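Welcome, and thanks for taking a look at this one with me.

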Amino acid sequence: MAEAENNVVETINGDCHDFKSLLSTSDRDFVVRNNGDQVKIESLKGKKLGLYFSASWCGPCRRFTPKLVEVYSELSPKGDFEIIFVSRDKDEESFNGYFSKMPWLAIPFSDSETRSRLKELFKVMGIPHLVFLDETGKVSTDEGVQIISEYGEDGYPFTPEKIQELKDLEEKARLEQSIKTILVSRSRDFVVTSDGNKVPVSELEGKTIGLYFSVSSVSADFTPKLAEVYEKLKEKGENFEIVVISLDAEEESFKESFVAPWLALPFKDKSCEKLARYFELSTLPTVVIIGSDGKTLHSNVAEAIEEHGIQAYPFTPEKFAELAELEKAKEAAQTLESILISGDLDFVIGKDGAKVQVSDLVGKTVLLYFSAHWCPPCRFFTPKLVEVYRKIKAKDEAFEVVFISSDKDQASFEEYYSGMPWLALPFGDARKPLLSRKFKVQGIPMLIAIGPSGKTVTKETRNLIMIHGADAYPFTEERLKEIEAECVPEEDTESKADDKEEGNPKETKADEREEGNPKETKADEKEDGNPKEGWVCDGEVCTRG
């Protein structure tokens with residue numbers, strides 16, 4: 001008892017924590033609810049506990065908490081499970097606001113000593129952090145966040161044995177995979193139509209199925225293309241079906257995914273997240289193809305559908321080999337006109353809005369600059385590119401840059417473009433998504449170098465400019481070899497130091513951190529607007545979420 005009064009945590013057999021000494025102090029024997037009610041720590045005896053280290057200022061915490069609330073709501077009726085919130089908030093107002101959304105208990109905010117002691121005891125290096133203790137006080141796992149994210153309430157009681165059991169079941173499901181093992185759950189054996197009608201999963205057996213993992217804000221450009229392919233295949237009588245696996249948080253967004261008469265898992269069905277994990281989802285949009293035998297035929301044909309449309313069907317290895325040969329032939333025949341001309345769109349614009357014919361750029365080295373005003377890494381890079389552009393242009397008129405905007409609106413485009421001395425595609429130009437697909441633009445800023453012949457020279461132009469500046473021109477392999485050859489063969493220590501000062505990649509990274517580190521980037525985002533919906537920015541690039 002003396003140890004508890006001195007805030008020393010007692011353990012049983014040196015292995016299991018005593019809840020009373022773990023959570024109480026000499027003058028407090030309770031935890032609290034968000035309405036102020038006190039709950040005696042003694043009442044937690046015999047329960048499984050989750051210690052949830054979190055804070056309102058932490059973005060990942062705010063995203064994880066609703067998921068934990070769902071799991072808690074499923075498990076709390078059992079009566080043998082509880083969660084204790086251990087706040088890392090900086091003030092009581094923030095604590096109260098955040099805790100008001102939690103249905104579980106908490107260490108009082110006023111008891112900073114206990115909160116700090118628990119952080120040290122469980123070696124909390126980052127948040128959100130979730131530690132599960134069993135009935136005896138023994139730590140079951142300190143990887144609760146990952147387990148809840150992957151398995152939800154199915155992970156209960158969150159022991160290593162239970163998690164291994166779930167992994168074994170997943171492995172068995174892979175070996176015995178069928179459309180039923182994929183889409184049927186314990187409580188549901190159907191998928192739904194746009195009007196809510198139920199279609200038995202058994203009716204999908206023997207068909208080729210596309211599982212379309214989608215978030216409307218990210219997949220908006222792709223969905224109409226997939227719908228076009230789907231409807232053409234249906235018209236041809238192909239035995240093909242799409243099942244939407246929506247990861248949307250809002251039901252209205254889920255409903256918007258029915259742009260074609262395809263099927264879907266019900267909104268917020270628990271299988272959606274399980275399937276995202278099962279198929280190791282890493283990007284959106286993703287279309288997983290399940291063959292008529294129920295086995296996975298391809299892990300993601302979204303890119304193939306974007307580039308080739310219905311020609312990608314039936315998504316077999318033989319078809320992809322055929323498409324690869326076509327792609328090689330297309331690249332060999334590539335010209336600047338084939339890249340930048342589409343139908344009647346045969347021009348770019350200058351600073352005064354005047355049209356400049358694409359034919360006038362033939363024979364020049366042209367950089368395609370994918371960028372946007374809302375993107376902090378873009379705003380950091382653009383002044384460097386302006387400087388390099390002017391240096392190259394002063395020496396060689398056969399050089400040009402074309403800005404391809406991902407801005408939110410015309411006003412943002414015009415404001416950003418006003419600081420650029422080169423050409424641009426008009427805002428909202430129909431060629432923009434075509435170019436993004438062609439060059440597989442997943443993040444911005446991105447800079448593609450097209451040589452005088454119209455062939456792609458490199459997609460690494462941005463890195464070359466950051467390292468070598470205007471000296472990298474014309475960005476060819478031959479020029480890079482010349483730069484390497486120009487280096488002094490036997491460098492002494494002093495010259496190496498000078499080289500670092502002049503701008504090797506490590507120094508460039510340091511400059512980026514100093515001039516555009518994440519904290520400054522956040523400030524920029526607040527000042528100039530958040531990233532475009534569906535995009536996520538770090539210190540160096542903005543990528544599709």
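1. Let's start with one end of a helix. D269 caps the N-terminal end of α12, with a side-chain oxygen 2.9 Å from the backbone nitrogen of S271. Please keep in mind that this is a predicted model.

2. Now follow the helix itself. Within α12, which spans residues 270-278, the buried residues are S271, C272, L275, A276 and Y278. Viewed down the axis of α12, they fall within an arc of 160°, so they line one face of the helix. The cover over these buried residues includes helices α7 (160-175) and α8 (179-183), together with strands β12 (208-214) and β13 (240-246). Just past α12, E280 has a positive phi of about 50°.

3. What pairs with β19? Strand β20 (residues 399-405) runs parallel to β19 and is joined to it by 7 bridges, with F403 of β20 as the bridge partner of Y369. Strand β23 (residues 446-450) pairs with β19 in the antiparallel sense over 5 bridges, and there M446 is the bridge partner of F370.

4. With helix α16 (residues 376-395), β19 and β20 form a right-handed β-α-β unit.

5. Finally, the wider view. The protein has 23 helices and 26 strands, and 46% of its 545 residues count as buried.

Conventions:
Residues numbered from 1 in each chain as written. Predicted model: local features only at pLDDT ≥ 70, side-chain atom pairs only at ≥ 80, totals over all residues. Heavy atoms only, no water. Buried < 20%, exposed > 50% of the residue type's maximum accessible area, 1.4 Å probe, protein only. Helix = DSSP H or I, 4+ residues; strand = E, 2+ residues; numbered from the N terminus. Arc of directions from axis to C-beta. Contact = heavy atoms within 4.5 Å. Polar contact = N/O pair within 3.5 Å; in protein donor to acceptor, adjacent residues only side chain to side chain. Pairing = 2+ DSSP bridges. Right-handed = clockwise from strand over helix to strand, strands pointing away.
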